[in-house]
Amino acid sequence: TTGSLGQGLSIALGIAMGHKIDGSPARVYCMIGDGEAQEGQILEAAMAAPKFGLGNLCVFLDYNGGQIDGPVKDIMDIEPVVDKWKAFRWNVLEINGHDFAEIDRAIVASKSSDRPTFVVAHTVKGKGVSFMENVIDWHGKSPTKDEAAKALAEIRGK
């Protein structure tokens with residue numbers, strides 16, 4: 001992952017292509033955000049990966065519906081995201097991004113596809129922290145020392 005410019009997927013694509021050319025069995029995993037998925041560079045990589053047969057590439061989309069400027073659907077809606085990536089000829093999976101068993105199953109499933117895999121991980125921004133859940137303002141700011149302590153206590157269940 002490299003941030004909002006969408007360069008991480010292009011880098012991951014290049015690494016996956018290098019492994020394929022070298023005959024390496026290595027796999028490449030990339031995490032992108034739903035706001036980042038609005039970038040043209042993401043869509044160019046989405047078209048290139050199947051063209052070059054990069055079945056060794058797996059991309060996770062953190063789909064929480066929020067970006068620094070507001071709700072993704074209000075800024076530049078990426079729907080229908082599943083249909084779009086299927087149209088690009090990717091193996092597309094949808095999971096609960098907070099469920100480690102589902103994440104593991106998606107990784108295992110990606111290994112059995114000869115196409116690149118796109119995993120839509122449905123998540124909640126700030127999950128588990130009462131004052132952060134689904135609050136866009138927390139996208140681009142750090143908690144104070146007291147807020148961090150409260151957040152950690154909530155996550156740990158104390």
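## Val120 and its surroundings

Val120 touches Leu61, Tyr63, Val82, Val92, Leu93, Glu94 and Ile95, leaving out residues up to four places away in sequence. Contact here means heavy atoms within 4.5 Å. Val120 lies in strand S6. Helices (H or I, at least four residues) and strands (E, at least two) are DSSP runs, numbered from the N terminus. Val120 counts as buried, at 0% relative accessibility. Buried means under 20% relative accessible area, exposed over 50%, and partly exposed in between (1.4 Å probe, protein chains only). Ala106 is 14 residues from Val120 in sequence, and their C-alpha atoms are 9.8 Å apart.

This is a predicted model: local features need pLDDT of at least 70, side-chain atom pairs count only at pLDDT 80 or more, and totals for chains, interfaces and linings use all residues. Residues are numbered from 1 along each chain as its sequence is written, and side-chain values use heavy atoms, with hydrogens and water left out.

## The sheet and its helices

Four strands form an open sheet, ordered S1-S2-S6-S5, with parallel pairing. Two strands pair if DSSP finds at least two bridges between them. S1 and strand S5 (91-96) are the edge strands, and each pairs on one side only. On average, neighbouring strands of this sheet are turned by 20 degrees against each other, direction ignored. S2 and S6 run parallel and are joined by six bridges. Val59 has Phe118 as its bridge partner in S6.

Helix H1 packs on the sheet and touches S1 and S2. The direction of H1 makes about 170 degrees with that of S1. Helix H5 (residues 100-110) also packs on the sheet, touching S1, S2, S5 and S6. H5 makes about 170 degrees with the direction of S5. Axes are lines fitted to C-alpha atoms, for helices over the stretch in contact; angles run from 0 to 180 degrees between N-to-C directions.

## Two nonpolar cores

The largest nonpolar core has 28 residues. Leu9, Ile32, Leu57, Leu61, Trp85, Trp90 and Phe118 have the most contacts inside it. Helix H1 (7-22), strand S1 (28-33), helix H2 (40-51), strand S2 (57-63), helix H4 (81-87) and strand S6 (117-122) each supply at least two residues of this core. H2 gives the most, with five residues. Apart from this core lies another, of six residues, including Cys58, Phe60, Ile95 and Ala106. A nonpolar core is a set of buried Ala, Val, Leu, Ile, Met, Phe, Trp, Tyr and Cys residues joined through side-chain atoms within 4.5 Å.

Phe118 is buried, with a relative accessible area of 0%. Leaving aside neighbours within four places in sequence, Phe118 contacts Ile32, Val59, Leu61, Val81, Trp85, Trp90, Asn91, Val92 and Leu93.

A search of the whole structure finds five aromatic pairs. Rings of Phe, Tyr and Trp (its six-membered ring) pair if their centres lie within 6.5 Å; planes under 30 degrees apart count as stacked, over 60 as edge-to-face and the rest as tilted. Trp85 and Phe88 are edge-to-face, because their ring centres are 6.2 Å apart and their planes stand at 85 degrees. Trp85 is buried too, with a relative accessible area of 3%. Trp85 and Phe118 are stacked, 3.8 Å centre to centre with 5 degrees between the planes. Trp85 lies in helix H4 and Phe118 in strand S6, so this pair ties together parts that are 33 residues apart in sequence. Ring pairs link Trp85, Phe88, Trp90 and Phe118 into a cluster.
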